[in-house]
Amino acid sequence: MRKPACAGRTCLAAIVQFESVGLRYGTGAEVLRDLDFTLSQGGFYFLTGASGAGKTSLLKLLYLAQRPTRGRIRLFGDDLSDSPRDWLPDFRRRIGVVFQDFRLIRHLSAYDNVALPLRIAGRDPVQIDSAVGEMLDWVGLGDRAGARPATLSGGEQQRVAIARAVITQPDLLVADEPTGNVDAEMARRLLHLFSALNGLGTTVVVATHDLGLIASNPGAELMRLDKGALVDPTGSLKNPPLSPQREAGA
Amino acid sequence: MTFARAWTSGAEGLLPAGKLHAPTVALLAIMTFVMLVVAAAGLALANAAGAVAGGVENRYVVEIPAAATPDLPRALAAVRSAPGVRAASAIPESEMRATLGRWLGEAASSSDLPVPALVTLELAPGADQGAIEAAVRRQVPSARLLSESGELRPLLGSLHALQWVALALVLMMAAAAASAVVLATRGALDTHRTTIEIMHGIGATDAQLSRLFERKIAVDAIAGAVAGTVAAGIVLLLAGGGAAVLAGELMSIVPLGALDLAFLLLLPLAVVILATLVARWTLLRALRETL
């Protein structure tokens with residue numbers, strides 16, 4: 001394992017470490033194999049690859065929806081490969097997830113969906129009200145707080161899902177095609193939000209096909225999956241090198 | 001702050017609120033109804049058996065064969081003078097023939113029908129039955145001392161067996177109610193699987209998730225238990241002759257005491273507690289199978 005990357009500000013610790021990780025569903029073939037990489041605290045990563053390459057499966061491992069069938073995964077310094085499941089909620093509260101299919105709770109309003117992580121964490125109702133209102137305003141849904149997901153457009157649902165993922169200012173933000181259902185302006189604002197969170201120390205991993213999105217954040221590292229394996233002809237897989245822009249800023 | 005407390009601030013609708021799961025409510029209502037009626041019947045049987053056994057506990061009969069009926073006065077005197085005999089009286093032959101007449105008709109009055117003489121006696125607790133029988137036999141060798149409770153033993157045995165049957169039925173109903181709750185809980189988990197996955201993904205613990213479903217199952221159980229109790233109450237009141245039950249008597253014959261009524265009222269509460277505990281067990285067990 002190589003040393004963690006330095007992202008210009010300081011030399012940052014590894015927040016995620018994959019060691020020879022493989023994943024298969026049931027008795028099928030491995031959908032992920034031999035994953036061996038480190039994500040640094042405060043890093044910004046794009047995960048790319050063709051459909052079926054394993055991006056969503058890799059994200060599931062990151063946000064603890066799956067355990068690897070082989071190898072070790074260390075998250076926030078703890079080996080969670082075969083940790084007791086009672087440990088997982090505390091770790092999950094440090095991870096924000098934007099699902100490709102939004103995964104909003106249909107019985108709850110936009111407000112309650114966004115408030116959910118704070119309520120689960122036992123935050124004070126006054127703080128929740130303030131934070132949720134601010135977040136909904138930011139994603140442009142302040143006037144749709146009481147709307148149920150079924151009455152929201154795809155883009156609005158996506159924004160609610162993003163607001164829910166980031167409202168706790170997680171240590172790790174994992175987003176699966178977050179701009180798939182929003183217009184260019186909203187995509188720009190979302191990327192700005194992700195960058196702002198990243199600036200506050202949140203490690204961001206975005207799975208996307210959107211080359212424009214990747215291009216608009218030249219400081220980010222790129223991870224490419226092909227048939228379940230990380231492909232990196234430049235040899236930067238285990239610890240992606242700093243981009244020229246970030247090196248220049250260091 | 002607990003999750004439940006935080007949850008009351010506006011997100012009670014995570015699971016569709018205010019809607020009872022009708023099949024669960026109906027099943028629990030029926031089972032509560034049957035449990036209450038069967039338990040009431042069991043208690044009534046217990047009380048009846050106790051009353052019958054208590055009534056004949058110290059009662060005996062001296063039977064003198066028909067051929068020896070002229071010796072009745074001597075036997076009666078021997079009984080009355082025996083230690084431990086509180087009261088003794090001969091049953092008049094006319095009364096016995098009148099009793100037999102219910103089955104035999106006119107033939108009961110015939111002098112050709114031999115009728116034994118009977119002396120009923122009540123003994124003090126601890127009285128020596130052997131000594132009393134010996135004293136009577138010294139006067140009338142063919143006389144026999146019979147225990148009334150001995151005569152009623154098969155009936156009392158049947159009543160006790162019925163009590164056990166009632167208890168077994170109540171326990172079976174409880175087991176059936178628990179099974180219904182398991183099925184309802186699994187159904188609720190299937191219905192809300194996506195919600196559970198989202199909640200888990202956001203960091204909800206099993207206990208937090210379980211609490212949400214427990215509350216829903218408990219509300220269904222309360223509704224079912226109340227409905228079943230009301231229905232059973234109406235049936236018991238009608239069967240017991242209305243006010244007779246309120247006065248402490250069931251079916252105008254067998255009393256249900258205050259303790260019995262208190263026990264019956266605890267049964268619906270037990271159904272609710274059982275349903276909630278079974279739901280929690282089922283939920284936690286099912287959630288443990290997920291990551």
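1. In which sense, left-handed or right-handed, does α3(A) pass α4(A) in their crossing? The crossing is right-handed. The model is a predicted one, and the points below should be read as describing that prediction.

2. Geometry of the helix pair. Helix α3 of chain A spans residues 110-120 and helix α4 of chain A spans residues 125-138. Their axes come within 10 Å, with a crossing angle of roughly 130 degrees. Angles over 145 degrees would count as roughly antiparallel and those from 65 to 115 as roughly perpendicular; α3(A) and α4(A) are therefore oblique to each other.

3. Residues at the crossing. On the α3(A) side the contact is made by Ala110(A), Tyr111(A), Val114(A), Ala115(A), Leu118(A) and Arg119(A). The α4(A) side contributes Ile128(A), Ala131(A), Val132(A), Met135(A) and Leu136(A).

4. Val114(A). Neighbours within four places in sequence aside, Val114(A) is in contact with Val132(A), Met135(A) and Leu136(A), and also with Val160(A), Ala163(A), Arg164(A) and Ile167(A). Val114(A) is also one of the residues that touch the most other members of the largest nonpolar core.

5. The cores. The largest nonpolar core has 123 residues. Alongside Val114(A), the residues touching the most other members are Val174(A), Leu28(B), Ala39(B), Ala40(B) and Ala275(B). Helix α2 of chain B, residues 22-56, supplies the largest share of this core, 17 residues. In soluble globular proteins, nonpolar side chains tend to be buried together.

6. A sheet in chain A. Four strands of chain A form an open sheet with antiparallel pairing, in the order β2-β1-β4-β5. Its edges are β2 (30-40) and β5 (78-79), each of which pairs on one side only. Helix α1 of chain A, residues 55-62, packs on the sheet and touches β1, β2 and β4 of chain A. The direction of α1 makes about 125 degrees with that of β1(A).

7. The β1-β4 pairing. Within the sheet, strand β1 (residues 14-24) and strand β4 (residues 70-75) of chain A are joined in the antiparallel sense over five bridges. One pairing to check by eye is that of Val16(A), whose bridge partner in β4(A) is Leu75(A).

8. Chain A overall. Chain A contains eight helices and ten strands. Of its 250 residues, 46% count as buried. Among contacts in chain A between residues at least 6 apart in sequence, 71% join residues at least 24 apart.

Key
Residues are numbered from 1 along each chain as its sequence is written. Chains are lettered from A and ligands numbered from 1 in the order in which they are written. This is a predicted model: local features need pLDDT of at least 70, side-chain atom pairs count only at pLDDT 80 or more; totals for chains, interfaces and linings use all residues. Two strands pair if DSSP finds at least two bridges between them. Helices (H or I, at least four residues) and strands (E, at least two) are DSSP runs, numbered from the N terminus. Two residues are in contact if their C-beta atoms, placed from the backbone, lie within 7 Å. Axes are lines fitted to C-alpha atoms, for helices over the stretch in contact, and angles run from 0 to 180 degrees between N-to-C directions. A nonpolar core is a set of buried Ala, Val, Leu, Ile, Met, Phe, Trp, Tyr and Cys residues joined through C-beta atoms within 7 Å. A residue is buried if 20 or more other C-beta atoms lie within 10 Å of its own, exposed if 12 or fewer, and partly exposed in between; C-beta atoms are placed from the backbone. Angles under 35 degrees count as roughly parallel, over 145 as roughly antiparallel, 65 to 115 as roughly perpendicular and the rest as oblique. A crossing is left-handed if the near helix is turned anticlockwise from the far one by less than a right angle, and right-handed if clockwise.
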